[in-house]
Amino acid sequence: MREALSRIERDFAEALTGAGSDTRAIDAVRVRFLGRKGELTSLMKQLGGLPKEERPEAGARINELKRSLQGRLERAADDARAEGQRREIEGGAVDITLPARRPWSGSLHPVTATRRELEAIFRELGFTVETGPEVEDDFHNFQALNMPQDHPARDDSDTFYLEGGLLLRTHTSPVQVRTMLERQPPIKMICPGRVYRRDLDATHLPMFHQLEALVVGERISMADLKGTLEAVWSRFFGTRATMRLRPGYFPFVEPGCEYDVSCTVCDGSGCRVCKGSGWIELGGAGMVHPAVFEASGVDPERYSGFAFGLGIDRIAMMRHGIDDLRLLIENDVRFLDQFRT
Amino acid sequence: MLASLKWLRELCPVEAADEEVVEALTSRGLTVDGVEARGPDRALEIDVPANRPDCLGHLGLARELSAAFGVARADPPPAATTAEEKVTSVVRVRIDEPEGCSRYTARLVRDVRIGPSPGWVAQRLEACGLRSINNVVDISNLVLLYTGNPIHFFDFDKIEEGLIRVRSAEEGERMVTLDGTEHRLTAEDLVIADARRAVALAGVMGGADSEIGEATSEVLIEAAWFQPQSVRRTARRLGLSTDASHRFERGVDPEGLPLAQELAVRWLAELAAGRPLSGMVDARREETVPGPVTLRLGQVERLLGYSPDANSIVDALRALGLHPKRLDDDRVTTSVPSWRVDLQREADLVEEVARHCGYERIPTSRVALHSPDDRSRSNALGEQSRDHLAAAGFHEALGYAMIAENEDDRFVPEGTAAAMRLTRPIAESLSVLRRSILPGLLRAADLNLRRGAPQVRLFEIGRVFLPPTQEGGFPAEPLRAGIIWCGPGRPAHWGGDAAAVDLYDVMGLVERFLASARPGVTLERGPVARAAFHPGRSLAWSAADGRLLAWGGALHPSIQRDHAQPLWMAEIDLSTLLDEPFEIPQYRPLPRLTPVTRDLALVLSAETTYASVIEVLHSIDAPAPVCFDATDRYVGQPLRDDQSSLTVRVTLSPEETTLKEVEIEAYRLELIQALAQRLGVGIRE
């Protein structure tokens, strides 16, 4: 019996070594020795043929060997699996420096991106976003805005007229008029959109983008205008901005002003962005002219309001460091691709 | 306007440094855009707003400096000595059109000698951007620059019967202005005439045959007030914008005419040895005093958000040349100086107070208004579309609303109303309003291909303009998305070649776009009714209600010919899409059973469409909810030329009970049989 056990153990060791890290071969070794008809199993079955007093000891020895073989088989199988996995990983490694299979990236036009940025700020401040037609009539574009026929301020915006008398709006202000005609204050709105002027040179395109804001309510003052400008531009530039109002003339506001923001690039000390002045000129503003209220069905005795405007294209150029206006309308993909989303 | 700093200091002797003067003007709304040395003088380039014609002369600017620095203006020069002879006995003035001319003054200077101007005149003119011509012409410019009131000199010998008439031109009347141009006038034009013919276009330009010349010795001086609208209409219609018309259009000071006359007379005597007649012909309607305007003191605070005290308000108005009187505790009333055409109502006075006290005193506060029932009416679909197309790899382009005439004719259905035309386009290529977004994108694609771009993917979201259907109406301005695509259909990669874009790429892009904008929308494909597209490689999509949502495909060969690479385009009508119901996706319980698939390998003849195959498949009752999908298509050996092989995957999704193999097989056979019987489709085993 003892001899038989030593032989099995020797044969087993040899077989297991032979199996190496091949899991199927290892399993075959298990079947050969520990399977139902395996060598050790058969030995167990022969226990009955031994004299009674030898049986316990022989049984114990067989069991001990069995446990030992089982343990060695498990370790071999574990090693084999680990070895297999290692080989699998090694074989599956790829060059991670090769280019990825990437979907295309498109882009939003810088004017769109800037407009959205501004719109988001105004929405956060409680403004609604309104739109109106780009083809307007004389009433909404001029007369209601205190620019009657033959008003000299009409020179400032040489107008594209259409055959039949309509025109392409020269500013987004008609949207303010339309909104006021449609509903009573309180009104707190912006109107972004395309506008058209008969101009084409290095600093003017015949089509460009404006955004105007209008706030009408009881007891709205220029102080509110200043505060709103400060809130908008501080958010836009991401830092506390100081506003400067200067007297300025626009027929649809009184008092009227132009507004500048302290240059956030140089903190007012003068740089390329502010052309050395420390201030960035952003647009016109003022208190809504009573004549505009009257034309728009709002009682100027009960309500007051402010309005201001800005040019989205110019702000987009400033924001992205674009130095040539024509790039905005040329649609060169090498330009557009720089604004990937 | 260009102003001489030296002249300003003469008119208002402020001691402040030049920089302070510049700053004062700017902070009062007369923005100094530049300062330039001109000899011993400095020229200020001042941006004078359209409502301040009084500041189109040094006198008005000096008034502002006087208010700003609290320094009194210098006295006007003493009157010139005059001859006994009275101008009223020599010159007659008749105003036939009092609407167009409310005041006309005339003086006469005899024995004028034309010659060069002295140096100080030339220097002063130069500082204001003008060149010296001769003493008489220079004097008329000096008076204009001093007062802001344009004056005109006539050669009195050429004025028939010594009569000046202010009348409407006769329809078709002809006149040569002193620039040598002949004009054909209309009854809308106001002219200055003598007994016989027109001698000047009122407020715009003098006539050639009454012009001052070398031989002139009798100078008739005109200083008048002409109606702004009338001058503007004539100046614009004839394309004559002059220093005079610029000022008359904005409104000159009717009470400033005597001063303008006096200066002219004085300088003609001084610089041209003239002999002025005494008196002045002054034809006018009765004097109209503007105002009074009442200011409620509370309005200052209401509009500015702060208020100086009542005395400061009164002082501010007084400093600006107004004559305020306290009516009671709350109100001030004031007459308005004749030169301040812009001061008409209360709000105008509030601005004057703000200007005088300084805009920097306006405090900062933050308005918190709520209009809870108001919602933005901006087009969210436009924004979604931008995001969607950018994420799909397209670059957003910007196109003009204007295109060349006929440029979009083939991009709109035949019979569409003609594009709206601009009356005065800036270029031929920008002369009508687009009815389709695509022509602009086509231009952009060409530009990129010319510049060597290997591929172009652009989109634009914008409005097109469909002419009004009724007289006097507005055009419809539907919002559209336009797409242009050339190059590969998907990104190139070292792992495999990317095939060129084809119709199925375009279809995928458009259909996915439509489905994401309006989940649940049912799309019907049909032919495109637009001549720009290749009839065999394009399609249109309609909603279940038949409304057209989008169209796209390859360009028609006759257009494609002119472009460097095959171009694919699509246009989506966002405004129509917006009207389609937006179905919020509703939850359906998840199936507990796994789906079963079977592939049908079919052999189709050329005329059998995929849609007809699917239609037949759908007509057979399925043992469970089913869907069909093409998974492979093959053309070539060993198939005949007119055949194609198509693999259709059948996916059954049982809901309650697992399907038995026999049930599935029976269904499969039924499908094959139906295809064979109804379409003659064979099966490839």
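Guide: Here is a short tour, starting with how to read the model.

Visitor: Okay, what am I looking at?

Guide: This is a predicted model, where local features need pLDDT of at least 70, side-chain atom pairs count only at pLDDT 80 or more, and totals for chains, interfaces and linings use all residues. Residues are numbered from 1 along each chain as its sequence is written, chains are lettered from A and ligands numbered from 1 in the order in which they are written, and side-chain values use heavy atoms, with hydrogens and water left out.

Visitor: How many residues of chain B are in contact with chain A?

Guide: 96 residues of chain B are in contact with 101 residues of chain A. Contact here means heavy atoms within 4.5 Å. Between them, the two chains bury about 8,300 Å², with 53% of it on carbon and sulfur atoms. Buried area is the accessible area (1.4 Å probe) that two parts lose on being put together, summed over both.

Visitor: And how many salt bridges between chain B and chain A?

Guide: The count is 12 salt bridges between chain B and chain A. The rule is a side-chain nitrogen of Lys or Arg within 4 Å of a carboxyl oxygen of Asp or Glu. By that rule, the count over all chains comes to 89.

Visitor: Which residue does B:Glu383 pair with?

Guide: B:Glu383 forms a salt bridge with A:Arg116, and the closest N and O atoms are 2.7 Å apart. Both belong to a network of salt bridges that links A:Arg115, A:Arg116, A:Glu119, A:Arg123, B:Glu383, B:Arg386, B:Asp387 and B:Glu396.

Visitor: What about a salt bridge within chain B?

Guide: B:Arg103 forms one with B:Glu255, the closest N and O atoms being 3.5 Å apart. B:Arg103 lies in strand S5 (residues 101–110) of chain B and B:Glu255 in the loop between helix H7 (243–250) and helix H8 (257–272) of chain B, so the pair ties together parts that are 152 residues apart in sequence. B:Arg103 counts as buried at 4% relative accessibility, while B:Glu255 is partly exposed at 29%.

Visitor: Switching topic: which residues have the most contacts inside the largest nonpolar core?

Guide: A:Trp233 and A:Tyr259 do, in a core of 115 residues. The largest share of this core, 7 residues, comes from H8(A). A second, separate core of 49 residues includes B:Leu5, B:Cys12, B:Val143 and B:Leu257. A nonpolar core is a set of buried Ala, Val, Leu, Ile, Met, Phe, Trp, Tyr and Cys residues joined through side-chain atoms within 4.5 Å.

Visitor: What about phi of A:Asp150?

Guide: A:Asp150 has a positive phi of about 65° although it is not a glycine. A:Asp150 is buried, with a relative accessible area of 15%. Phi of A:Arg219 is near 60°, again a positive value in a residue other than glycine, but A:Arg219 counts as exposed at 57% relative accessibility.

Visitor: Last one: what is B:Ala517 in contact with?

Guide: Leaving aside neighbours within four places in sequence, B:Ala517 is in contact with B:Leu381, B:Gln384, B:Leu577 and B:Phe582. B:Ala517 lies in helix H14 (residues 503–517) of chain B and counts as buried at 3% relative accessibility.

Note on methods:
Buried means under 20% relative accessible area, exposed over 50%, partly exposed in between (1.4 Å probe, protein chains only). Helices (H or I, at least four residues) and strands (E, at least two) are DSSP runs, numbered from the N terminus.
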